[in-house]
Amino acid sequence: MAAPIRTLCFSALRFNSRHFSSTCGVQAGQKWRLEHGLSRSGTEYGPLTDLPDWSFEDGRPAPPLKGQLRRRQEKEVLARRIVMLTSEVDRGMEAWKEKQEEAKRMEEHKKSLLLKPKGKLLIKKTQS
């Protein structure tokens, strides 16, 4: 039963004028841009993407385009998330430090409850 399906698929591909490719599409220069600390493509950020395409003759800026508004909103959401996660990490570090200090205090308290040397042992300890 698999042979007729294969024949059908092969014949359909053979009569199709478009070529079928199963390779991964990589944008030209993407590897070079990433190695040099730039964006994956030239349209993600930068002056060509972020600045307006035109302005009025008297110098007034053009109204922002839909893509610019969307990117601005995405950047704002990302910035809020970064601030939230950073404050979360700071709170975690403070809690960890407090926990370490509490453990140190408990250890000192346990040491203070231990029996203390008396008599000859105390005299030997103070002399040395």
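Predicted model: local features only at pLDDT ≥ 70, side-chain atom pairs only at ≥ 80, totals over all residues.

Modeller: Happy to! The structure holds five salt bridges, and one of them joins the side chains of arginine 60 and aspartate 58, with 3.1 Å from N to O. Aspartate 58 is exposed, its relative accessible area being 56%, and that value lies over the 50% cut-off for the exposed class.

Let us move on to helix α4, which covers residues 66–113. Here glutamate 74 forms a salt bridge with arginine 70, and their closest N and O atoms are 3.3 Å apart. The two residues are four apart in this helix, so about one helical turn separates glutamate 74 from arginine 70. Both partners are partly exposed: glutamate 74 has a relative accessibility of 45%, and arginine 70 has 44%.

Helix α4 also holds glutamate 101 and arginine 105, again four residues apart, or about one turn of the helix. Their side chains meet in a salt bridge at 4.0 Å from N to O. As for accessibility, glutamate 101 is partly exposed at 47%, and arginine 105 is partly exposed too, at 46%. This pair also belongs to a network: salt bridges with shared partners link Glu101, Glu102 and Arg105 together.

Methods: Residues numbered from 1 in each chain as written. Heavy atoms only, no water. Buried < 20%, exposed > 50% of the residue type's maximum accessible area, 1.4 Å probe, protein only.
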